[in-house]
Amino acid sequence: MDLERHASDQGWDQPVRVYALVPTADLLEREPALAGMLGVSAPVDPSALTPIEQEPLPEELPLEQALGRMAWPGAVAGCALVMERLVVKGSDETLAPPKDGDAGQWAESQDGAEEIRMVAGVLRDGGRHSALRMRSHDSEDQVLNGEDLVPALTSALALTLEEDGEE
């Protein structure tokens with residue numbers, strides 16, 4: 001939820017952001033000067049995690065491919081992703097954008113189009129959490145959150161944490 005609030009402070013129309021989730025105690029042990037910058041004082045809760053924003057994803061690469069190329073070192077306890085998407089809600093029919101033309105413009109013109117911000121995080125121990133904020137309901141008390149609101153996204157993130165050879 002801290003990442004969702006941080007994303008909200010940044011405003012809408014932001015690029016996809018990826019974060020490594022590192023145990024705060026380990027981070028402060030390696031970099032003691034960070035304690036003051038982070039406003040953290042000892043003792044640190046052993047379960048506390050600090051998000052570390054990563055380099056931007058390549059814009060020309062679809063998200064699925066970018067995640068497929070991602071791997072994390074063992075010191076990273078988990079990872080999180082923040083992204084905005086346009087969804088079309090409230091329809092049982094299958095919607096197909098025109099084959100020629102801008103799919104984004106087409107989606108924006110559909111009844112029930114809604115911009116949402118998704119924040120998803122996963123941990124190596126299997127923990128997952130997601131948050132969704134709709135642009136039309138842009139207030140902190142309207143953020144949906146739960147263990148797995150965006151299962152495809154959390155599953156894709158979990159794959160980035162697997163060691164080579166894991167199945």
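What follows covers the sheet, the helices across it, the salt bridges and the nonpolar cores.

This is a predicted model, where local features need pLDDT of at least 70 and side-chain atom pairs count only at pLDDT 80 or more, while totals for chains, interfaces and linings use all residues. Residues are numbered from 1 along each chain as its sequence is written, and side-chain values use heavy atoms, with hydrogens and water left out.

**The sheet**

- Six strands make up an open sheet in the order β2-β1-β3-β4-β5-β6, with antiparallel pairing.
- At the edges sit β2 (49-53) and β6 (144-146), each of which pairs on one side only.
- On average, neighbouring strands here are turned by 20 degrees against each other, direction ignored.
- A quick word on terms: helices (H or I, at least four residues) and strands (E, at least two) are DSSP runs, numbered from the N terminus, and two strands pair if DSSP finds at least two bridges between them.
- Strand β1 (residues 17-23) is joined to β2 by five bridges, and the two run antiparallel; Leu-21 stands opposite Pro-51 in β2.

**Helices across the sheet**

- Helix α1 (residues 2-10) lies across β1, β2, β3 (78-88), β4 (113-123) and β5 (128-134), running at about 140 degrees to β4.
- Helix α6 (residues 151-160) lies across β3, β4 and β5, and its angle to β4 is about 35 degrees.
- Those angles run from 0 to 180 degrees between N-to-C directions, with axes as lines fitted to C-alpha atoms (for helices, over the stretch in contact); contact means heavy atoms within 4.5 Å.

**Salt bridges**

- Count a salt bridge when a side-chain nitrogen of Lys or Arg is within 4 Å of a carboxyl oxygen of Asp or Glu, and you get nine of them.
- Glu-4 and Arg-133 meet through their side chains in one of these, at 2.6 Å, N to O. Glu-4 lies in helix α1 and Arg-133 in strand β5, so this pair ties together parts that are 129 residues apart in sequence.
- Are those two partners buried or exposed? Glu-4 is buried at 1% relative accessible area, and Arg-133 is buried too, at 3% (buried means under 20%, exposed over 50%, partly exposed in between, with a 1.4 Å probe and protein chains only).
- Arg-133 also forms a salt bridge with Asp-138, with the closest N and O atoms 2.9 Å apart; Asp-138 is partly exposed at 38%.
- Glu-4, Arg-117, Arg-133 and Asp-138 are linked in a network of salt bridges.
- Glu-140 pairs with Arg-5 in a salt bridge, its closest N and O atoms being 3.6 Å apart. Arg-5 counts as partly exposed, at 30%.

**Nonpolar cores**

- A nonpolar core is a set of buried Ala, Val, Leu, Ile, Met, Phe, Trp, Tyr and Cys residues joined through side-chain atoms within 4.5 Å.
- The largest one has 24 residues, and those with the most contacts inside it are Leu-67, Trp-72, Leu-81, Leu-153 and Leu-157.
- Two or more residues come from each of β1, α4 (63-68), β3, β4 and α6, and β4 gives the largest share, four residues.
- Leaving aside residues up to four places away in sequence, Leu-153 touches Leu-67, Leu-81, Met-83 and Ala-120.
- Another core, of nine residues, lies apart from the largest one; among its members are Tyr-19, Ala-80, Val-82 and Val-143.
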